[in-house]
Amino acid sequence: MNKSEERDRPRRRLFARLAALVALALIATGLIRLAIDADERDPRPRGTLEDVLALRERSDLNVLFVLVDTLRAERLGVYGYERDTSPNLDALAASGVRFANQVSQSSWTKCSMASLWTGLYPARTRVTRSPDVVSPEARMPAEIFREAGFRTAGIWRNGWIDPNFGFSQGFEVYLSPRSQRRRDNRLQRIDNPNITLDGDDGDILFSAFEFLRAHRYERWFLYLHMMDVHQYAYSEETALFGNSYSDSYDNSIRWVDSVLGHLFRGLEEFGLRENTLIVFSSDHGEAFGEHGGEGHARNVYGEVTETPWILSFPFQLDPGIVVEARSENVDLWPTVLDMLGLPALPDADGRSMLPEIVAAARGETPAEGEDAGLAFAQIDQTWGRTREGPRPMVAVNEGRWRLMFRAGSPERTELYDKLEDPREQHNLVQQEPEVTERLKERAVGYLKSPPPPWGEDTPSIEIDELQMNQLRALGYGVQ
Ligand SMILES: [Zn+2]
């Protein structure tokens, strides 16, 4: 028996036990029929753009926000990937709205999520280093939902969005679920079978169903932050694509997609699909050597900042709408709150993309390379090394151009033509000095952005050793 077979055998055994356990849990909760016909008719009625615009008049609507950590858009079928990694997400997008050119605001979870929730760029949230905390004065979407009478819950598995860092604001329940599996029955990391994962996204599903069972007759806002793609979780049932690091990433996407399939069918079983808006996105992508390194949280190239964003309605759009105009994670809540007629986030950098949805539905696509305004992404390259000073790297999108600017070393500026060179491989700084200068000024101006609505105060905490170890276990180099 060769090494990989040796490694596979315990996995097969683990998976058999896992499958039995999940099946028992599902039978016990009575949520999901065991035999699910893939062609089962979608229970939702047909809808049109007018129904999208009328969502704000509905008083029965729930919101399910699913975020898959570390999900690079181009690895999903519906974003053009040749592998069948995401059948459930593809189906979701096919009858909803898909944003084809989405930019996340950072490649590091905490920085990115602070911007996603507040609608403010990292230069304004000032959550850019490991001790930084989202201000308690920040206005968060869960607070808006809570005030509007929704029951609110967040279920998550990434320590960077711990309540300590200010992310629980507005949530009645905000928890990291306990593993439902026995210690010898847990998923493993494919790239390191010695690491047994403490839990997996099935635990999130379990807690989500508990919440829905308790609150199905009320209005609710439920946020699920999935972590198994970040952790390269291995499940034999969904391992279709080989053994390399990059293949393993695809396998974990397929696994999480299958978990999401159970989630969406569970919603149907509860009779909730016809009054639930599903919002799907990610906080950043993942690199596989495109600019020298693997992983994320080191720079802001396209492979770590181009993420999916999908909206799925209580009705099916036929055909679905694809928004080609560039959008950003800071636009996500301004759009959804606008769509639902709820109060806006104060002084947000993001904006509602509802006009772009309407334009796309009417076939009015922007010309290639033409789009409204700028987009920014930022990472502090010393975010985890608190003894060193800040070293921000900023990406600026303008039309077809994307600039990389490092505040500490402006001579290393890079410029890419996203139309000709979507993977950012050919630096055009020499050929395009005027564009370079213009965007450099934008980057410098961005770093001097005005303070957030809550003022200059940036709270921070000391991360204790226990929490530090948990974060290290995620693979982050925190010192
Ligand atoms: Zn993340």
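Visitor: How many bridges join strand β19 to strand β20?
Guide: In this predicted model, β19 covers residues 392-398 and β20 covers residues 401-406. The two strands run antiparallel. Within the pair, Val394 stands opposite Phe405 in β20. The number of bridges joining β19 to β20 is six.

Visitor: Do β2 and β9 run parallel or antiparallel, and which residue in β9 is the bridge partner of Val63?
Guide: Strand β2 spans residues 62-68, and six bridges join it to β9. These two strands run parallel. The bridge partner of Val63 in β9 is Phe221.

Visitor: Which residue in β9 does Trp156 stand opposite?
Guide: Strand β5 (residues 151-156) is joined to β9 by six bridges, and the two run parallel. Along this pair, Ala153 stands opposite Leu222. Trp156 stands opposite His225.

Visitor: How many residues of β9 are buried?
Guide: Strand β9 takes in residues 220-226 and is mostly covered. Trp220, Leu222, Leu224 and Met226 point one way, while Phe221, Tyr223 and His225 point the other way. Residues on both sides are buried. The count for β9 is seven of seven.

Visitor: Why is α10 described as largely enclosed by the rest of the structure?
Guide: The buried residues of α10 are Leu332, Trp333, Pro334, Thr335, Val336, Leu337 and Met339. They pack against β2, α4 (109-118), α6 (141-147), β11, β14 (309-312) and α11 (354-361). Helix α10 (residues 332-340) counts as largely enclosed because its buried residues number seven of nine.

Visitor: Which residue follows α10, and what is its phi?
Guide: The phi of this residue is positive, near 70°. The residue that follows α10 is Gly341.

Visitor: How do α7 and α8 pack, roughly parallel or roughly antiparallel?
Guide: Helix α7 (residues 201-215) packs with helix α8 (residues 245-269) at an angle of about 10°, and their axes are 10 Å apart. Angles under 35 degrees count as roughly parallel. The angle therefore makes α7 and α8 roughly parallel.

Visitor: How many nonpolar residues are in the contact of α7 with α8?
Guide: From α7, the residues are Asp201, Gly202, Leu205, Ala208 and Phe209. They meet Val256, Val259, His262, Leu263 and Gly266 in α8. By class, three residues of the contact are polar and one is charged. The nonpolar residues number six.

Visitor: Is Gly202 buried or exposed?
Guide: Gly202 is found in α7. A residue with 20 or more other C-beta atoms within 10 Å is buried. Gly202 has 24 C-beta neighbours inside 10 Å, so Gly202 counts as buried.

Visitor: Why does Asn275 count as partly exposed?
Guide: Asn275 sits in the loop between α8 and β11 (276-281). Buried needs 20 or more other C-beta atoms within 10 Å and exposed needs 12 or fewer, with partly exposed in between. Asn275 is partly exposed because the number of other C-beta atoms within 10 Å is 15.

Visitor: What distance separates the C-alpha atoms of Asn275 and Asn62?
Guide: Not counting residues up to four places away in sequence, Asn275 touches Asp60, Leu61, Asn62 and Pro314. Asn275 and Asn62 are 213 residues apart along the chain. Their C-alpha atoms are separated by 6.1 Å.

Definitions and conventions:
Residues numbered from 1 in each chain as written. Predicted model: local features only at pLDDT ≥ 70, side-chain atom pairs only at ≥ 80, totals over all residues. Axes fitted to C-alpha atoms, helices over the stretch in contact; angles between N-to-C directions. Helix = DSSP H or I, 4+ residues; strand = E, 2+ residues; numbered from the N terminus. Parallel < 35°, antiparallel > 145°, perpendicular 65-115°, else oblique. Contact = placed C-beta atoms within 7 Å. Nonpolar A, V, L, I, M, F, W, Y, C, P; charged D, E, K, R; others polar. Pairing = 2+ DSSP bridges.
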